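Open the model in your viewer and keep the selection panel at hand. The stops below say what to select next and what is there.

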Amino acid sequence: MNQTAAKEALSFEDFKTEVLNDYKIATISRECSLLGRREVLTGKAKFGIFGDGKEVPQLAMAKAFKNGDFRSGYYRDQTFMMAIGEMTIQQFFAGLYGHPDLAHDPMSAGRQMGGHFATHSLDENGNWKNLTAQKNSSADISPTAGQMPRLLGLAQASKIYRNVSGLENNTNFSVNGNEVAWGTIGNASTSEGLFFETINAAGVLQVPMVMSVWDDEYGISVHARYQTTKESISEILKGFQREADTNGYEIITVKGWDYPTLVETYAKAAAIAREQHIPVLIHVQELTQPQGHSTSGSHERYKSKERLEWEAEFDCMAQMRKWLIENNIATAEEIEAMDTEAKKQVLEGKKAAWSAYVNPIKEEQQELVALLNTIAASSPNKVFIEKYSNDLAAIKEPIRKDILVTARKIVRLIVNESGKAQLANWITNYTEKVQPRYSSHLFSQSDKNIYKVAEVAPIYTESSEDVDARLIIRDNFDAIFTKYPEALIFGEDSGNIGDVNQGLEGMQEKYGEFRVADAGIREATILGQGIGMAMRGLRPIAEIQYLDYLLYAIQIMSDDLATLQYRTAGRQKAPLIIRTRGHRLEGIWHSGSPMGMILNAIRGIHVLVPRSMTKAAGFYNTLLETDEPALVIECLNGYRLKEKMPTNLGDFKTPIGVVETLKEGSDITLVSYGSTLRLVEQAAKELQEVGIDAEIIDVQSLLPFDINHDIVKSLAKTNRLLVIDEDVPGGASAYILQQIIDTQKGYLHLDSQPQTLAAKAHRPAYGTDGDYFSKPSAEDIFEKVYEIMNEVNPSKYPSLY
């Protein structure tokens, strides 16, 4: 045999080995799906949603996926995760059982149901790993198409790294922007607006994104004819196909059961995206879903006999077996042996995962049973305690709820007995040990969290001038962009005209279109750009033009950004800064202050409400030294007000979670934030004229809120409280009141009923009069305070009405 023939023979053997390894991975994944469903039906797992029927195209995708690349997908992608070496059989089942330990379920430590995949971008201390040396998966979320906006940002990061100078040392995040962001979605979920918004934005931006649509013709029970015009996403997106001298996509269709063509297709798509930074849409057709949508129902209820027969024949695994045999890569007997071995491995992995999950709980169960038996021996309630103890001991597969419920019920029985202290101590210690497994990392626990940044006051000199406040924001951004080459800002009108209030005037001309950029009218994907880029080591500032427009993006903020550190147990982060402006304009759509809704939707993101541009600039400076996401709401009517220009732009820092007392007083504490503070200050001057001395406190940040409990210290002096806010009744003012009364125990110091003064329940009407009759005015504040003081001393403050 000559050298050429030997090489060809060797190449075929290598090819055969690789293909058979692919088949092995796919078979293991299929067995995990089949056995996983049984684990749900037996009650060991709560719910299952699996990737059966999608195995073969995911093998092809994994082949083209390189170190440094990122996936942003959904809950069918288990084969892909196994193929890139980021999920084992045991880890698959640990996720299904909800094992609250990253060592066993590295995807989410039991915080998400199985099928939600992630890799670790951070080490145990919250520090970045070298993302270019590993294959990366951004943490999945359940809301359909919710992975799309983040995908855009993950892809755009490569564009930034390739085109922005000064980032050459950021070698942990990119190698010349060669990384591809890979998206996956079910065909039915392409009906969501987030899908279309992202597809359009990626086409405009021309980012290295490969988008796979797994098409099995159904969305749960609803056929594609009710989902998509022409029943085909690739057909209706043909207008996005790139042509000569236009931007756009490369659009490819491929059969989901055709292994060799899939491999070729994904290699081609990767090359286009990686080398040319052109997005690619791969419509993977003729897929199946052998077990139906999930464990909550059977697909036999809504699929015809003919469809089910077709699915059995064109199941991608059946077709791959057929192809292996026809091409003399494996015999039927060899395939059967591989299938048998896969079943064995999956069963062993399942058993190991279950033992690792349940054995520690059984040890805790036995510990409590032993304690209860000791307590029962000398208790008048021995019979009742032993009944609870025996019932607990009889549970063969306990959960922690079973253990703690039993302990807490018994402590009630023995509240006056000597054994109570021992049991109460056990309950306290057990809860302190266990609770963090389900609650940690809502916010950063690293040494870069917001509490690690010290306050730095603005510095003024005798020559410091009073300037339009927008100039302080503008010049501070100038300092930021010089100091942090990884910082960039983008949004509607942010680039060419320097934002609608000129807070970025001249910045695009100075720093270029990649760092100071305009964006289309698409708030959800503006947020997504920020999330994805922040996940790859950049420091983006995503600008939403007005606070009311934040509603378009609130789902992305709530379900994705706010939960990221929590749902990965601290192994991914996106320190995105969201910049917007609001309060006190005119009309329904430009003057809302939906703070209560925001506060309750985005726990996990800091909410900062500076009253001035100097305070706002200080917040940006603080946040850029942290690793946490935040929303900064600038006062819309404050840009033209005069403020002194500090000399230490880019360096002064507003502390987060710290209130500021603007005026000392002795009769009542007035608490507010943002633009409304100017009205409070005016009302306080008028109240002073009638002998009422009000203390004014600016909360400055709503999340976190008054970490030093300074407001309750004020109440200890004034004994009265009024919270003023321009949100609807029961909105942010109710939140502030809860924090003061409930968390800070402010009620201990009150001599009068604590009250709130908010806007009317309706949206603000247009015009100056609309504002006056819709939101709190200085007169409203004066009269509300006066009414409180009338109750205290009616002779001194006779009723006004």
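Start with the open sheet of six strands, whose order is 2-1-3-4-8-7 and whose pairing is parallel. The model is a predicted one. Colour strand 2 (136-137) and strand 7 (250-255): these are the edge strands, and each of them pairs on one side only. Next to strand 2, select strand 1 (residues 70-72); two bridges join strand 1 to strand 2, and the two run parallel. For one of these contacts, show Phe-70, whose bridge partner in strand 2 is Asn-136.

Helix 6 (residues 193-205) touches strand 3, strand 4 (209-214) and strand 8 (280-285). The direction of helix 6 makes about 150 degrees with that of strand 4. Helix 8 (residues 259-276) also packs on the sheet, where it touches strand 3, strand 4, strand 7 and strand 8. Its direction makes about 165 degrees with that of strand 8.

Move on to residues 660-663, which are strand 17. This strand belongs to an open sheet of five strands in the order 17-19-18-21-22, with mixed pairing. Which strands stand at the edges? They are strand 17 and strand 22 (755-757); each has a single partner strand, so one side of each has no neighbour in the sheet. On average, neighbouring strands here are turned by 25 degrees against each other, direction ignored.

Select strand 19 (residues 694-698) beside strand 17: the two run antiparallel and are joined by three bridges. Within this pair, Lys-663 stands opposite Ile-696 in strand 19. Then show helix 27 (residues 778-792), which packs on the sheet and touches strand 18 (668-672), strand 21 (721-724) and strand 22. Between the directions of helix 27 and strand 22 the angle is about 165 degrees.

**A helix pair**

The crossing of helix 11 past helix 14 is left-handed.

Show side chains at the contact. On the helix 11 side, select Glu-364, Glu-367, Leu-368, Leu-371, Leu-372 and Ile-375. They meet Gln-422, Leu-423, Trp-426, Tyr-430 and Lys-433 in helix 14.

Stay on Glu-364, which lies in helix 11. Is Glu-364 buried or exposed? At 6% relative accessibility, Glu-364 counts as buried. Leaving aside neighbours within four places in sequence, Glu-364 is in contact with Arg-400, Ile-403, Trp-426, Tyr-430, Lys-433 and Arg-437. For a distance check, pick His-762 as well: the C-alpha atoms of Glu-364 and His-762 are 53 Å apart, and the two are 398 residues apart in sequence.

**Salt bridges**

Side chains of opposite charge can pair when their charged atoms come close. With a cut-off of 4 Å between a side-chain nitrogen of Lys or Arg and a carboxyl oxygen of Asp or Glu, the count comes to 46 salt bridges.

Begin with Glu-18 and Lys-63, whose side chains meet at 2.4 Å, N to O. Glu-18 is in helix 1 (residues 3-41) and Lys-63 in helix 2 (residues 55-64), so this pair ties together parts 45 residues apart in sequence. Both ends are partly exposed: Glu-18 has 43% relative accessibility and Lys-63 has 24%.

Next select Glu-179 and Arg-536, a salt bridge with its closest N and O atoms 2.8 Å apart. Glu-179 sits in the loop between helix 5 (148-163) and strand 3 (181-186), while Arg-536 sits in the loop between helix 18 (523-534) and strand 12 (539-543). The pair thus links distant parts of the chain, 357 residues apart. Glu-179 is buried, at 3% relative accessible area, and Arg-536 is buried too, at 2%.

Go to helix 12 (residues 382-393) for Lys-387 and Asp-391, which are four residues apart and therefore separated by about one helical turn. Their side chains meet in a salt bridge of 2.6 Å, N to O. Asp-391 counts as partly exposed, at 39% relative accessibility.

For the last stop, select Asp-499, Glu-543, Arg-579, Arg-581 and Glu-634: salt bridges that share partners join these residues into one network.

Technical notes
Residues are numbered from 1 along each chain as its sequence is written. This is a predicted model: local features need pLDDT of at least 70, side-chain atom pairs count only at pLDDT 80 or more; totals for chains, interfaces and linings use all residues. Side-chain values use heavy atoms; hydrogens and water are left out. Buried means under 20% relative accessible area, exposed over 50%, partly exposed in between (1.4 Å probe, protein chains only). Two strands pair if DSSP finds at least two bridges between them. Axes are lines fitted to C-alpha atoms, for helices over the stretch in contact, and angles run from 0 to 180 degrees between N-to-C directions. Contact means heavy atoms within 4.5 Å. A crossing is left-handed if the near helix is turned anticlockwise from the far one by less than a right angle, and right-handed if clockwise.
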